Amino acid sequence: MSLPRITHLPSGRLLSTILHHQPLLPSIIPLTVPKRAVIQGEYRRPGQPKKTKFAWQKINFNFSKGLEGIKKHFTLLKKEFTDRWVGPEGKPIVEHMLEQNRVVWEFRGPESLREWTVSSDREIGGHSEAYLKLGRNNNTCFLYGTLSSTPPRDGETRYSGYCTMRSKQPLASFDRKKHHDWSSFNTLQLRVRGDGRPWMINVSAETYFSHQKDDIYCYFLYTRGGPYWQDVKIPFSKFFLTHRGRVQDDQHPVWLDKVVQRKIPSQSDDKTDVSLP
Amino acid sequence: MKGSRCLHQLKSLRLLSHAGRRLPPPAAAAAAGDNGALFRLHSSSLLGGSQCPQREVLRHFHSSPARTKSQPARFVQEEDKTRDKSLVAHDDLFEQVAKETKTKATFNKVIDVYTKRDIRRRGHVEFIYAALKKMPEFGVEKDLTVYNKLLDVFPKEVFVPQNFIQRMFNHYPRQQECGVQLLEQMESYGIMPNTETKVLLVQIFGEKTHPMRKYQRIMYWFPKFMHANPFPIPKQLPEDPVDLARFSLTRMANDWDAKVTVYQLPCTDITDSGAEVTLPHIVGIQSPSQMEALAKHNPCRPVFVEGPFPLWMRKTCVYYYVLRADPAPPEEKLDLDLDRDLGDDESFDVEDLDDGPVFAMCMTSQGDQATLNQWISGLQQSNPILGQIPTLFRLGAGPRELQGVGDTDSASGTWFSSHAHKEEADPGEDGEAVVEEEPRRSQGVKQ
């Protein structure tokens, strides 16, 4: 793969667009210059078959699933209607205004695990694995697995070996996207127990433009290791902006009113066990 | 005014480049560090203008020496004429030069061989890529002087854009990418570039180019993140396992007052039958508050020796064992009503996360029951109550099995037993062999 068609961008950002997914192997002569559309759609990895399914073929028509769906969505809808009478976001206004801390994620049973998606290197062809299960006493979640940093042999990936735990997008009734409003808070607090490896906390916000789809705010989470729980408090002002893994030149604070996801990736060489409450 | 300044800049750059090309490579290598630029300037004033070999291509105004090349660059070297004429990677040069040992000196030698070979530096991009790939084998990937020397391979001043059009259109894109890759490898190994790197980059690529921007980004972000770790690990970890155990135990223990005790040093014994028995080291840690908690522990409830748990420090993994008890049942917990504010959220009870109090930790290279028994006996010297409390072992798969290729049998293989301290004459309280069903890890773990 060679350089894409260079458009006239300010020099600060040019670097970040060139270097996405495009390490140059010196002995390969590029045969064609790939054309990349300005609107970045889904990237198809080399080797993956082209998906030529039409939109209507992707819908799964199933009666029992439909019934469950109706029940779930109408319950959510009813809850949304009644919550407005209680106060903003379903809480009384006094509580909403005066709250100092809000528990967003806690692991109190198997249902809480469904909020999280665990992914690893495997989806790009690597050899890492990651699993999530409930820890002891059903109070914590335990992320464990194996990391291997041999990059997949697809000719364009240079570094590899990661696993992430991602929170799912909160959904309102009828699968409408909802976001977290954290504008009244300024710190993220976690209770973790790691194995000494550094992790990262990624927060992503809902953006308007599709170019900003991969904008992620990151900060490091250093674990000490050992059997004691570690309280980590990260103010939101410390998060820095990255796009597709590259730190950007134009930094701005996190948009707290449209927070969508929280991710905890780790990159390292070997087996990893991280416990998170 | 501007024109004369440009001319002056060109002249000084030319002097610099001449000096850079003419200096013998060992001297150039010795000029590493902040004195690099000064040394070059100084030598240029000594040599300036006196030597002018015919091979030196003079810099023409508004054009680059690249235009004077008559034939396209070839990748075939003289030695490789006997081989097939396909694309020859420059790795061969590295392998030829260092068949016996791969050290920094041999790596530098390869670079010197290449730079002295041709003033035009044909194929320097491929050479630099090959060198970057070979660096870990030679063990020089964390050495800044080697990176600077490699950056020196680029011909100077040729790739500097001269006007705004060249600056706009990514002048010499392959070379710029190569420079960026070199800096990226430095960044991934966490090496901070220095002034010599900057001077080299300015000479080679000029300002406002991608490698220069990359350098500026590194110099902005690295100092910000260098000290972000609240639990820093020194770059050189201690080699001695006892020292390493001591360091990691103090790191994990949450307490400045915790005391590290070495129960056994590693030694090799020869038994009566002549067989060699290696005794592993046992290093334990316990703090005074833990000793108090253990003394207050209810002897009816057992304590567990759990392990091994991994602890990673950079690339080293060590395993530790923990002596802990199960969390107290809710009725025994005291509800300490500390002053609570109006805004405190009382629904999230932090005490629920308690995994049970930890009484002591230890590290040993061989995690079998005999060694851990020794640790418990050693602990008993300072905590006599351990004689009355039944101690159960909840050991996972040992580190040896973790390192090898594990099959599903070993993944689920956990063994439990109980150990009765025979010092106290109270056999009724000591536990018999109890097998517990709770697996430490689920089936999905690959080892």
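**View 1. Nonpolar surface patch on chain A of the predicted model.** Phe63(A), Leu67(A), Ile70(A), Phe74(A) and Phe174(A) make a nonpolar surface patch of about 560 Å². Patches are made of residues with over 30% relative accessible area and no salt bridge, nonpolar side chains (Val, Leu, Ile, Met, Phe, Trp, Tyr) being joined within 5 Å and like charges within 9 Å. A salt bridge is a side-chain nitrogen of Lys or Arg within 4 Å of a carboxyl oxygen of Asp or Glu. Areas are Shrake-Rupley values with a 1.4 Å probe; for residues, only the protein chains shown count as cover. Phe74(A) belongs to helix α2 (residues 63-86) of chain A; helices (H or I, at least four residues) and strands (E, at least two) are DSSP runs numbered from the N terminus. Phe74(A) is partly exposed at 46% relative accessibility (buried is under 20%, exposed over 50%, partly exposed in between; 1.4 Å probe, protein chains only).

**View 2. Asp175(A), a non-glycine residue with positive phi.** The phi of Asp175(A) is about 60 degrees. Asp175(A) sits in the loop between β4 (162-167) and β5 (187-192) of chain A and is partly exposed, at 48% relative accessibility.

**View 3. Asn170(B), a non-glycine residue with positive phi.** Here phi is about 55 degrees. Asn170(B) lies between α8 (164-168) and α9 (173-188) of chain B, in the loop, and is buried at 7% relative accessible area.

**Notes.** Residues are numbered from 1 along each chain as its sequence is written, and chains are lettered from A and ligands numbered from 1 in the order in which they are written. In this predicted model local features need pLDDT of at least 70 and side-chain atom pairs count only at pLDDT 80 or more, while totals for chains, interfaces and linings use all residues; side-chain values use heavy atoms, without hydrogens and water.
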